[in-house]
Amino acid sequence: MMWYDGGWGWGGWFVMAVFMVVFWALVIAGIVALVRYLTGTPRHQRSGSPSATGEPGRESRRAEDLLAERFARGEIDDDEYKRRLTLLREHHR
């Protein structure tokens with residue numbers, strides 16, 4: 001009985017192994033991207049510190065935004081808001 005090897009031989013096995021690794025890497029990357037998209041976490045919040053982008057004044061802008069949000073929610077009054085905003089702007093010059 002004769003056995004015919006008309007395929008690619010070992011090269012075929014190697015190519016299939018590479019394609020399998022690439023396939024699973026793409027599946028895992030797709031799942032990670034989908035989870036990040038569905039959780040809706042903004043990119044600048046995932047990166048760690050707000051100053052990681054290298055933009056000057058970005059950290060002080062975020063602090064001012066947080067202060068404005070607290071004022072809008074009624075956690076602090078008008079005088080407290082103005083006092084803290086003045087301190088933030090003096091500190092970040």
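Author: Contact here means heavy atoms within 4.5 Å. In this predicted model, E64 touches L85, L88 and R89 once residues up to four places away in sequence are set aside.

Reader: Where does E64 lie, and is E64 buried or exposed?

Author: E64 lies in helix α3, which covers residues 58–73, and because its relative accessibility is 10%, under the 20% limit, E64 counts as buried.

Reader: Which residues make up the largest nonpolar core?

Author: In soluble globular proteins, nonpolar side chains tend to be buried together. Here the largest nonpolar core has five residues, namely L67, I76, Y81, L85 and L88, and helix α4 (residues 78–91) gives the largest share of this core, three residues.

Reader: How many aromatic pairs are there, and how should I read one?

Author: A pair of aromatic rings is described by the distance of the centres and the angle of the planes. The count comes to two aromatic pairs. For F23 and W24 the centres are 5.1 Å apart and the planes stand at 75°, so this pair is edge-to-face. The pair of F71 and Y81 is stacked, with 4.8 Å from centre to centre and 25° between the planes, and it links distant parts of the chain, since F71 is in helix α3 and Y81 in helix α4, ten residues apart.

Reader: Is Y81 buried or exposed, and what of F71?

Author: Y81, at 18% relative accessibility, counts as buried, whereas F71, with a relative accessible area of 33%, is partly exposed.

Methods. Residues numbered from 1 in each chain as written. Predicted model: local features only at pLDDT ≥ 70, side-chain atom pairs only at ≥ 80, totals over all residues. Heavy atoms only, no water. Core = buried A, V, L, I, M, F, W, Y, C linked by side-chain atoms within 4.5 Å. Buried < 20%, exposed > 50% of the residue type's maximum accessible area, 1.4 Å probe, protein only. Helix = DSSP H or I, 4+ residues; strand = E, 2+ residues; numbered from the N terminus. Phe/Tyr/Trp six-rings, centres within 6.5 Å; stacked < 30°, edge-to-face > 60°.
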